[in-house]
Amino acid sequence: MIQKASWIWSPHACESTALIFAKNIARRGRIKAATAYVSAMGVYELNINGRRVGDAVLAPGWTSYKKRVQYQRYDVGEYLTDAENEFCVHCGKGWAMGLVRGEDRRRVYVDHLSVVVALHLCYEDGREEWVLSGEGWQVYSSQVLDSEIYNGETQDLTAESRYIGEAALDTTLAGVELIPQEGEWIKEQERLPAKQMIVTPKGERVIDFGQNLAGYVEIRIKGRRGERVVLSHAEVLDGDGNFYTDNYRDAKNKMQYILSGGEDVLKPKFTFQGYRYIRLDEFPQKEIRLTDFTSVAVYSDMKRIGDFSCGNENINQLYRNIIWGQRSNFLDIPTDCPQRDERLGWTGDAEVFCRTAAINYDVTRFFKKWLGDMRAEQKENGTVPHVIPDCSGFSNKSPAVAWGDAAIICPWEIYLASGDRSVLEQNFDMMARHIECIHAFGDEEFAYMGGTHFGDWLAMDAGEGLYYGATQTDLLATAYFAYTTSLMVKVCKVLGKDTVYYETLNKNIRACFRRLFMENGLPKLYPKYDALATNRPVKAVTQTSLSVILRFGLCEESERERLASTLVRLIRDNGTRLTTGFIGTPHILHALSENGYADVAYDLLLQEKSPSWLYSVLHGATTIWEHWDSIKEDGSFWSADMNSFNHYAYGSVYDWIFGVAAGIQICEDGAGYEKMVIAPHPDRRLGHINASIDTKFGVVRSAWVYGDGEEITYEITVPQGCLATLRLPSGKQSELEGGHHIIKE
Ligand code: BGC
């Protein structure tokens with residue numbers, strides 16, 4: 001019915017950019033049930049008779065607004081207390097009207113706020129009534145004077161809500177489809193107390209909450225009417241201990257409040273920040289009471305299903321950082337980072353992290369919604385834009401390797417983790433079109449040469465300060481073309497479709513890959529192209545290329561050992577350290593352990609010098625950094641231009657810890673953990689491991705612990721009705737049924 005309601009907007013000038021759309025709704029009798037359906041171009045809160053309805057934050061969430069916008073459904077019977085009820089939709093700019101940074105840095109969706117409402121009243125005597133937005137709605141000014149996702153919010157708590165005029169019908173949104181909430185609701189989650197007050201060398205008063213996150217700070221304060229509170233946010237302090245905001249780039253992340261004079265609870269309504277610290281730029285009180293400050297995490301309300309601990313405290317901290325990286329970047333869409341003027345649904349980041357994400361949380365609904373936007377945004381020729389929602393109209397004419405491939409890899413991973421076939425059904429056409437787009441591109445039918453790519457983004461092997469790694473991009477693009485077509489064969493099997501087309505295509509791509517990019521069992525440089533037109537050295541034999549070739553099986557079995565030992569040599573020559581970027585990092589540990597070098601994988605996992613996972617942990621990180629060396633040994637930063645301290649991509653290492661160290665692997669013919677292989681790879685340096693996941697069948701757990709001697713005790717829990725094949729390092733193999741199993745070896 002909400003589809004029959006009219007979008008309304010305010011044609012009047014107003015002192016606040018946030019607006020309140022209101023109507024008095026009469027209740028004609030005793031109410032049995034009342035349901036409100038609401039959406040907005042902007043972000044909104046619903047209030048009835050002055051009471052906030054529900055606990056959703058930043059509704060209606062972020063979708064491909066030009067094509068589809070979610071509406072939310074609320075049970076509101078208990079709010080309609082009077083004969084006349086004041087029904088208000090309080091709306092701020094959000095993602096639709098605020099700045100979201102695109103290629104051109106302009107706002108992209110709408111130039112005014114609009115809301116749409118349908119209210120269904122069911123009376124005790126059986127009558128029903130619909131109240132739809134349209135004529136007769138009023139507009140009022142808001143205490144939220146301005147609000148931007150990137151810049152923060154200004155609230156004047158002394159301001160009276162002023163009548164502005166009648167709302168008008170908005171016909172500009174006729175082409176936008178209203179869809180029921182598909183994703184998880186965005187909600188306030190953890191509440192963290194302030195840890196300490198710091199006075200920096202510059203004399204700034206800074207509060208440290210001890211945890212980088214996405215959300216906002218809530219402050220309880222009783223000041224004098226008209227006094228101001230102004231806060232800045234930061235993820236880190238600089239080498240001198242001063243407040244550092246340069247890495248936010250153009251995002252101001254500033255909160256400004258004018259106090260009412262009463263007991264105020266300050267927090268933004270229509271924005272969020274990515275931060276660990278706040279600076280009190282203006283604060284009326286000399287004495288700071290830390291208990292008045294709370295850091296509130298805000299993210300999609302996904303169910304936590306994974307848990308992990310081990311005997312190495314640094315790895316435990318790495319795990320917590322990965323969890324916080326996910327919390328901070330799963331705010332309605334999977335974002336690259338939650339703080340600078342970006343916070344976009346970068347496809348590559350999501351592709352890299354989605355397996356780990358699905359081990360930590362049930363992300364099925366979350367990804368299904370985002371994939372819905374990917375379908376909506378796929379271009380005519382099949383190209384998947386670099387960011388979804390494609391707020392910026394990226395001009396790429398073909399998909400970027402590993403970024404665009406999210407179109408295949410994310411649905412596949414979500415299917416594997418959840419067993420929900422519908423994610424493959426819904427996305428099959430998009431997946432097929434993505435493959436055909438690459439297939440049709442360039443002059444090599446079975447390779448992907450010359451596209452627009454980011455390559456092994458942020459890898460360390462091209463030289464200091466460069467964004468693009470050294471690995472030849474056409475090699476990577478063709479390797480992914482082979483991998484994604486191999487996934488299409490599997491997808492077709494699951495959906496009962498004919499597999500011949502993709503089998504043949506995959507065979508041809510593999511042959512072409514070997515012809516263009518392999519020589520004597522090692523990767524070779526193809527001289528004609530390199531897709532990245534940047535000044536950087538281009539190499540064929542890198543940690544990333546070797547890892548990808550091994551993982552995607554682009555070699556003959558007889559070539560494996562040479563590739564794997566070359567990989568080990570490159571790692572050792574680099575001081576047992578990584579050189580991989582976004583593409584190589586998720587694969588390298590698997591490539592090692594799948595080829596008999598689990599010990600080298602552990603060496604990398606436990607490496608403490610940069611580039612390594614533990615380097616950031618040992619430098620105080622509470623989330624995953626964008627660069628291996630976001631903060632250098634000497635305390636200086638990577639350039640301010642691209643230096644997020646909350647980028648989840650390298651957190652993808654948890655899928656190795658869970659899948660190989662603890663050894664829990666889903667079988668492709670038992671998606672959703674109905675069938676699995678449990679093949680732990682213990683290492684004394686971790687002492688013990690305890691990893692679990694709460695699947696739809698029940699809890700799967702794999703734990704191992706070293707005893708005093710050489711003996712290791714394994715404890716495995718398999719849910720009833722599921723099957724697990726246990727493979728121990730000794731080579732012993734057994735079938736486990738549902739139940740708790742203890743094995744010593
Ligand atoms: C983002 C990345 C993203 C990349 C593409 C950056 O600005 O933060 O995480 O994938 O651009 O190269």
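Which helices and strands each supply at least two residues of the lining of the largest pocket? I went looking, and found α3 (347-360), α5 (406-418), α7 (473-495), α11 (585-593), α14 (654-661) and β33 (664-666). My helices (H or I, at least four residues) and strands (E, at least two) are DSSP runs, numbered from the N terminus.

A note on the source: this is a predicted model, where local features need pLDDT of at least 70, side-chain atom pairs count only at pLDDT 80 or more, and totals for chains, interfaces and linings use all residues. Residues are numbered from 1 along each chain as its sequence is written, and side-chain values use heavy atoms, leaving out hydrogens and water.

Next I looked up the lining residues of this pocket (an open set of points on a 1 Å grid over the protein atoms alone, where a 1.4 Å probe fits, with protein on both sides within 12 Å along at least five of seven lines; lining residues have an atom within 4 Å of a point). There are 37 of them, with R355, E413, R551, H590 and E594 nearest the centre.

Then I turned to α5 and its neighbour. The axes (lines fitted to C-alpha atoms over the stretch in contact) of α4 and α5 come within 11 Å and cross at roughly 155 degrees. That makes α4 roughly antiparallel to α5 (an angle over 145 degrees between N-to-C directions, on a scale from 0 to 180). I listed the contact (heavy atoms within 4.5 Å): α4 brings T364, F367, W370, L371 and M374, while α5 brings A406, A407, C410, P411, I414 and S418.

Definitions and conventions
Angles under 35 degrees count as roughly parallel, over 145 as roughly antiparallel, 65 to 115 as roughly perpendicular and the rest as oblique.
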